[in-house]
Number of protein chains: 2
Amino acid sequence: MQINLPQIDLPRVVIIGCGFAGLKLAKTLDDKLFQTVLLDKNNYHTFQPLMYQVASSGLEPDSIVYPVRKVFKGKKHFHFRMATVKKIDEANKNISTDIGSISYDYLVIATGAVSNYFGMANIENNALSMKSLVDSLDLRSVILQNFEQALNTSDLKERENLMNFVIVGAGATGVELAGALAELKKYILPKDYPDLDIRMMQIHIVEASDKVLSNMSPHASAKSLKFLKELGINVWLNTQLKDYDGALATTTKNTIPTKTLIWTAGVKGDPIHGINATLDRSNRIVVDNFNRIGSSNHEFAIGDVAAIASENEGKGHAMLASVAGQQGVRLGKNLNALARQKDMKAFQYTDKGTMATIGRFRAVVDLSYFKFGGFFAWFIWMFLHLMLLIDFRNRLVVFVNWAWSFFKYDRGIRLIIRKVKRTDTTS
Amino acid sequence: MQINLPQIDLPRVVIIGCGFAGLKLAKTLDDKLFQTVLLDKNNYHTFQPLMYQVASSGLEPDSIVYPVRKVFKGKKHFHFRMATVKKIDEANKNISTDIGSISYDYLVIATGAVSNYFGMANIENNALSMKSLVDSLDLRSVILQNFEQALNTSDLKERENLMNFVIVGAGATGVELAGALAELKKYILPKDYPDLDIRMMQIHIVEASDKVLSNMSPHASAKSLKFLKELGINVWLNTQLKDYDGALATTTKNTIPTKTLIWTAGVKGDPIHGINATLDRSNRIVVDNFNRIGSSNHEFAIGDVAAIASENEGKGHAMLASVAGQQGVRLGKNLNALARQKDMKAFQYTDKGTMATIGRFRAVVDLSYFKFGGFFAWFIWMFLHLMLLIDFRNRLVVFVNWAWSFFKYDRGIRLIIRKVKRTDTTS
């Protein structure tokens with residue numbers, strides 16, 4: 001069965017994935033030059049940089065996602081379909097999905113990344129991840145369910161298991177989540193669970209390298225390490241997770257009893273099964289400067305799933321929202337140019353800076369000539385993230401929530417809506 | 001195993017259920033006189049009157065629920081436990097739950113109501129209901145998934161199935177939901193699904209009696225019927241649903257092909273299994289004027305699950321949030337009085353009026369000496385519901401969402417977060 005679409009006399013671009021890359025591309029494509037079809041398994045775009053706030057009860061899930069159809073309303077030759085892609089047949093320029101098949105003139109793979117457990121099946125089966133909105137909601141429920149359970153056990157060992165949290169990986173996601181958990185510990189949980197000794201709650205970060213936020217400047221790494229320690233977080237550098245059975249985390253340095261281990265230590269590309277392309281060590285599709293797969297002028301990959309071979313000693317750009325967004329815009333302009341018989345331009349990343357926040361009042365910001373941390377950085381972080389949210393309504397709701405947390409030292413959203421059933425692995 | 005609780009020298013009141021009745025009771029009980037234990041299967045209180053707005057993408061779920069622990073923070077002898085009650089042993093004053101057992105001095109059953117399908121298993125298995133937050137979220141997903149699917153079928157009959165909505169019952173829930181769906185049809189869906197002929201979307205209300213909102217005044221019934229018709233809703237009065245197999249709704253008057261039938265036509269009490277009490281025809285626990293079960297001074301029932309025998313020809317008060325809340329307060333005062341060796345007072349319901357809203361700008365309000373409808377009623381409805389929300393943060397977020405919908409003719413929250421898998425019953 002074919003996916004139901006108007007047949008018009010314009011070349012069809014099919015984009016798979018509505019993350020930052022796919023969204024920006026679809027926005028940039030000229031409606032007069034192309035019929036654009038965007039496929040995604042969800043009907044929303046997720047603002048991934050704030051997922052940790054959903055996990056830690058700071059924001060509602062609806063605040064950080066945005067309905068795809070709303071972004072493109074009024075664009076005449078744009079069509080969104082909620083679909084999961086099964087297979088690509090490049091010879092016939094055809095895509096099979098769970099809702100039917102679709103032909104293309106141009107194909108763009110923008111499927112992003114998934115957690116990389118480097119083959120450690122035991123960890124994969126028992127760890128929680130934070131790669132989707134549903135993951136974040138599940139994590140929120142697990143955290144709160146842990147405290148409900150801890151309250152109800154008189155077995156101190158069991159209680160320790162429930163109140164220990166291990167985050168693996170001290171990249172932005174790991175560090176920001178740790179900071180948010182520390183805030184929960186400090187301001188919220190003692191009030192919610194007066195019967196529990198909240199000092200028992202321990203937050204651990206396990207990091208294989210010798211610093212936190214290793215993607216950022218040495219200044220930011222040092223400063224954020226200081227912030228994490230001030231918040232009472234146990235930072236284990238030069239330490240690797242070896243095993244996790246759902247009850248005990250075994251690292252190269254120690255063992256930590258915990259029911260909750262959150263894996264943020266690695267991601268890999270999530271390419272479509274059967275695509276005829278070279279994959280690098282991180283499972284990313286190797287592309288050239290124009291994001292072309294092989295030498296094709298019809299198949300492209302952008303965002304986390306793509307690695308531009310000439311960059312970073314063959315490893316491609318870092319997997320960042322800003323890279324993905326810029327690649328989406330560049331490819332959009334290139335396809336528009338192609339259709340107008342003009343030349344494409346090679347992708348060039350403009351680093352506008354990186355930042356991370358570690359709890360209340362603390363953040364680090366790296367700009368090219370200026371690196372700073374502390375309250376002012378935190379303020380800038382807040383303002384920028386508010387502005388980056390895709391629409392005014394979301395911004396207002398997020399602002400209300402943040403202002404509330406700020407003045408009341410409280411978080412409104414501590415609800416176990418999706419109950420998560422976990423296999424019981426009592427040690 | 002016993003539920004872990006501090007042992008203190010105060011009588012223990014155990015309240016089962018944190019709806020309006022349980023919440024108000026727990027708030028009213030004097031912390032110096034009682035140890036209060038509140039049990040609920042969720043860790044939040046739901047503002048049920050706005051659930052239809054979650055179902056119709058008007059509000060996020062987090063806006064209409066409120067974490068129980070937050071309500072009672074600072075109350076020293078109050079304890080919340082997330083638990084599902086299994087059985088009550090009145091002889092030994094003991095309750096069994098899924099997290100352990102708990103003894104009581106006073107027991108209050110405030111478990112509310114569930115949908116009543118009057119024994120029609122086929123309808124029960126295939127209909128959607130709106131009795132919990134999770135129900136409402138599921139309904140939101142189903143509505144949006146229907147349109148995604150409708151877009152992708154060229155079979156006109158299948159499309160009609162997906163775009164027909166049948167609401168059974170023209171009480172407040174049914175009427176308000178129908179109005180919200182009509183607004184979706186008018187303002188949102190044509191923009192989101194320009195490829196679909198939205199005129200195919202038909203909203204039906206099936207009502208067994210001869211009027212809508214039969215709990216309200218004749219004026220409100222007539223006015224709201226007019227409003228429903230203005231919105232293009234098909235109202236079938238004097239009509240009963242006979243059968244629904246998931247694809248075809250059969251009523252005493254016609255058959256309507258539909259994949260989505262929402263049951264709001266009846267509720268019944270949801271008492272605890274094995275409680276030694278008289279149940280009335282609606283499965284409610286029969287209580288006296290003091291909400292006592294039998295002649296016990298230790299076991300009580302309040303809210304939807306309780307029917308005061310002397311009221312309304314033995315049928316008890318209507319199942320309304322306002323009745324439940326007032327019973328909670330009265331019983332709280334009565335228990336406080338008992339502990340101070342004073343007399344209890346019989347429950348007396350104060351009717352402050354009822355209201356319902358039917359889409360944008362339209363509402364009906366019944367006060368004892370003044371009944372009105374239209375724009376002003378709608379404005380009053382909005383203001384009152386904002387004020388009734390339990391805290392300022394929720395109020396602000398809801399206000400932002402409503403103001404946004406009002407000025408932009410748009411709803412921000414059209415997200416399929418919980419995908420609902422439905423048994424396929426293609427006709």
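Two strands pair if DSSP finds at least two bridges between them. Keep that in mind, and let's start clicking.

**Before you start**

What you have open is a predicted model, where local features need pLDDT of at least 70, side-chain atom pairs count only at pLDDT 80 or more, and totals for chains, interfaces and linings use all residues. Residues are numbered from 1 along each chain as its sequence is written, while chains are lettered from A and ligands numbered from 1 in the order in which they are written.

**Stop 1**

Select D366(A) and look across to β25(A): K371(A) stands opposite. Now color the whole strand β24(A), residues 363–366, which runs antiparallel to β25(A) and is joined to it by three bridges.

**Stop 1: a five-stranded sheet in chain A**

Stay in chain A and select β5, β2, β1, β9 and β21: in that order they form an open sheet with parallel pairing. β5 (78–82) and β21 (299–301) stand at the edges with a single partner strand each, so one side of each has no neighbour in the sheet. From one strand to the next, the twist averages 15°.

Zoom in on β9(A), residues 106–109, which pairs with β21(A) in the parallel sense over three bridges. Click L107(A) there: its bridge partner in β21(A) is E299(A).

**Stop 2: two domains of chain A**

Color residues 12–115 + 267–339 as domain 1 and 121–265 as domain 2. These bounds come from an automatic or database domain assignment. The C-alpha centres of the two domains lie 31 Å apart.

Where do they touch? 14 residues of domain 1 are in contact with 16 residues of domain 2; two residues are in contact if their C-beta atoms, placed from the backbone, lie within 7 Å. On the domain 1 side, α2 (51–55) and β10 (113–115) of chain A each supply at least two residues, and α2(A) gives the most, with five. That side divides into eight nonpolar, six polar and no charged residues. Here Ala, Val, Leu, Ile, Met, Phe, Trp, Tyr, Cys and Pro count as nonpolar, Asp, Glu, Lys and Arg as charged, and the others, Gly among them, as polar.

**Stop 3: inside chain B**

Switch to chain B and select β2(B), residues 35–40. Six of its six residues are buried, a label for 20 or more other C-beta atoms within 10 Å of a residue's own, with C-beta atoms placed from the backbone. Both faces are covered: Q35(B), V37(B) and L39(B) on one side, T36(B), L38(B) and D40(B) on the other. β1(B), residues 12–16, runs parallel to β2(B) and is joined to it by five bridges; V13(B) stands opposite T36(B).

Now click V85(B), in strand β6 (residues 85–89). Is V85(B) buried or exposed? Buried, because 21 other C-beta atoms lie within 10 Å. Leaving aside neighbours within four places in sequence, V85(B) is in contact with I16(B), L39(B), I95(B), T97(B) and I272(B).

**Stop 4: where the chains meet**

Show both chains. Chain B can be laid on chain A with an RMSD of 0.0 Å by a turn of 180° and a shift of 0.0 Å along the axis, superposing by least squares on the C-alpha atoms of residues with pLDDT of at least 70 in both. The two copies are thus related as by a two-fold rotation axis. Click V397(B): in chain B, its C-alpha is the nearest to the axis, 2.8 Å from it.

Finally, 37 residues of chain B are in contact with 37 residues of chain A. The largest share of chain B's side, six residues, comes from α11(B).

Definitions and conventions:
Helix = DSSP H or I, 4+ residues; strand = E, 2+ residues; numbered from the N terminus. Buried ≥ 20, exposed ≤ 12 C-beta atoms within 10 Å, placed from the backbone. Axes fitted to C-alpha atoms, helices over the stretch in contact; angles between N-to-C directions.
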